[in-house]
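Dear colleague,

I am handing over the structure we spoke about, and below it you will find notes on what turned up when I went through it.

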Amino acid sequence: MAKKTKEIDTTEVKKEVKKKAPTVKKKAVVESAGVEKVKKTAIKKVAKASEESLPFHDFQVKYYSKFTDFDISLFRAGKHFKLYEKFGSHVLALDGVVGTYFAVWAPNAQYVSVTGNFNGWDKGSHPLMVRWDGSGIWEGFIPKIGNGEIYKYFISSFSGEEMEKADPFALRSEEAPKTASIVWDTWYEWKDQNWMKKRHQHNALNKPMSVYEVHFGSWARGPESPDQFLSFRDMAPKLVAHVKEMGFTHVEFMPLMEHPFYPSWGYQITGYFAATSRYGTPQDLMFLIEEFHKNDIGVIFDWVPSHFPGDAHGLYKFDGTHLYEHADERKGFHPDWKSYIFNYGRNEVRAFLISNALFLLDRFHTDGLRVDAVASMLYLDYSRKEGEWIPNEYGGRENLEAISFLKDFNEAVYAHFPDVQTIAEESTSFGGVSHPTFTGGLGFGQKWMMGWMNDTLKYFKKDPAHRKFHHQDLTFSTVYAFSENFMLPLSHDEVVHGKGSLIDKMPGDEWQKFANLRTLYGYMWTHPGTKLLFMGGEFAQTKEWNQQYSLDWHLLEYAPHQGIKKLVTALNKLYKTEPAMYERSFTGTGFEWIVNDDAENSVLVYARKGNNPKDDLIVVVNLTPVPRNQYRFGVTRPGNWHEIFNSDDEQYWGSGLKNPHTISEAHGSHWKSNSIKVNIPPLAVVVFKAI
């Protein structure tokens, strides 16, 4: 039987070290030998005071492993998708002594040790042991340290290069600009069981999904200082209440994992398993998610498996070699973002990334993952000139390794969490992104409809007098609308880098700008597909988004902005309460053109259909500031058709032109047996339903 070590409280040891060597935390100015002497003296003092006989070597690394042979075989095959249960730092008891087990993958290192405040950042005092099986895993148990300990891995490569690296599997990090990892856990007593039991109903493809996209650090700032971040817990009451009031079904957070450079918006990640410490602990983030779930709101995380930054403490050249990235920059360096591309052909890297995806869904109860920059992963020549990329084995431009990885990712996610959604930000015409892998698709649940976004914004920027010459920009989307499960995005990318805010894109005087924006939203919400709107758009933020500042909430003191907020709330209500808006959102049977050729008047009329014909809706869109009186069009069924939504309503700051009573006539029009005549308000969307 292994010898059991009697536990002592190391609090006094740490105090003594700090007292004797106040600069011990500044590893750059402390000699390890001097710290070692102070530490030994401190330990002897504490041991003597407690009348314990505790030799110094009891604080050294003991061999221990959480890996089984089966774990190793899965890891090397790229099929271990819960590596977060093995790698990283884990507090446990060994032979009756509480300490922390460390495990890190560094196959090309000749020496790996754990350094931290607990050992004065001495790279020689706590070396890990490399496994004998060639897996490249270094591991060991260090007694007497636990949650809250700050640490890094010191790695010496065979080339002689020495590095200090954060733990790729760390569950918490120091707040930037500090870069060390922190021993932590993800234990949380969840109280969202009701949501988790029924979330399959909220995430189903035949249910409404209206997503509010949020950059956490700039949604709101501290009331006393515009530079003060609010924590996950402090923000929760206000943010949850706002999303619920607006009627969004889901919230999507731009990346919340640890990133050193705040202006990267979270897309340059160094700590894939650590919630950013800027806003609190992992448990604080869990509390925020739980509050959303208690209010029947799903939470989607942005996930970035496409690239990572070259920060010295991060994944780049982790063990002195190109471990996570390709060595050849034609495959391993991203020219747009000056970052590094994961080596999707390396099994261990695939297992790392897929484990990270499952970790976010498992430990944080997230309801979906929006995968960033999928297009950059799919094509070897993405954003590269001739000669700057390497063709695949067949001479093509497709990244076969990335395609295989994405299929494995989606299969793993839906196998473990069938009630979530994966959503691809993919801007090309690559086929089958949201088709099942068994049919040759990539397996995503949904795909961003970037073509719709580009065509629609290009159209709405034009003067209404010229729109008749660009009518096809709006009608073209339905040619391919049902080739994928599309989400319609008006995301953060459309309101940065000199593009201006959404309201700023609209032409005309103040009234026309707001009327155009109301029309854009009405068209978006009644178009087939799920919806995504970036924060600030719900009340017509006038300034371009800047991550350094809070949204301009004071604009809600003014009627036009109040009108936009009320409009978006009404559209979400319409979307959620009318089955025709969502039951067949991804199939052509849920949509029918009635008028798509009236370019002269810039009018569109189309039907949205659910499973029951009684739920049919007729949508009328007027894209000019000229009212169209007594406009006749065919309807899908006889009966009394009533106006159930009008974006020109006075409560939305519209002109108030309405249709209080509309009756179907037995008069054929547009290939229909029945038709109605209505007054179409200027720059407006009106929805009719047979009652």
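This is a predicted model: local features need pLDDT of at least 70, side-chain atom pairs count only at pLDDT 80 or more; totals for chains, interfaces and linings use all residues.

Helix H6 spans residues 232–246 and helix H7 residues 282–294, and the two pack at an angle of about 20° with their axes 9 Å apart; since angles under 35 degrees count as roughly parallel, that makes H6 roughly parallel to H7. On the H6 side the contact is made by Phe-232, Arg-233, Ala-236, Leu-239, Val-240 and Val-243, while H7 contributes Gln-283, Asp-284, Leu-285, Phe-287, Leu-288, Glu-291 and Phe-292. Sorted by class, this contact holds nine nonpolar, one polar and three charged residues.

A second pair is formed by helix H16 (residues 510–526) and helix H17 (residues 559–577), whose axes come within 10 Å and cross at roughly 15°, and H16 and H17 are therefore roughly parallel to each other. The crossing of H16 with H17 is right-handed. Among the residues that meet there are Phe-514, Leu-517 and Trp-525 in H16 and Ile-564, Leu-567 and Leu-571 in H17, and the contact divides into ten nonpolar, three polar and two charged residues.

The largest pocket, finally, has a volume of about 690 Å³. It is lined by 29 residues, of which Trp-265, Trp-337, Asp-372, Glu-425 and Asp-493 are the closest to its centre, and the elements that give two or more residues to this lining are helix H10 (374–378) and helix H12 (450–460). By class, the lining has 14 nonpolar, eight polar and seven charged residues.

With best regards

Key: Residues are numbered from 1 along each chain as its sequence is written. Side-chain values use heavy atoms; hydrogens and water are left out. Axes are lines fitted to C-alpha atoms, for helices over the stretch in contact, and angles run from 0 to 180 degrees between N-to-C directions. Helices (H or I, at least four residues) and strands (E, at least two) are DSSP runs, numbered from the N terminus. Angles under 35 degrees count as roughly parallel, over 145 as roughly antiparallel, 65 to 115 as roughly perpendicular and the rest as oblique. Contact means heavy atoms within 4.5 Å. Ala, Val, Leu, Ile, Met, Phe, Trp, Tyr, Cys and Pro count as nonpolar, Asp, Glu, Lys and Arg as charged, and the others, Gly among them, as polar. On a 1 Å grid over the protein atoms alone, a cavity is a set of points where a 1.4 Å probe fits but cannot get out, and a pocket is an open set with protein on both sides within 12 Å along at least five of seven lines; lining residues have an atom within 4 Å of a point. Grid points are joined across faces, edges and corners, and a volume is the space filled by probe spheres set on the points. A crossing is left-handed if the near helix is turned anticlockwise from the far one by less than a right angle, and right-handed if clockwise.
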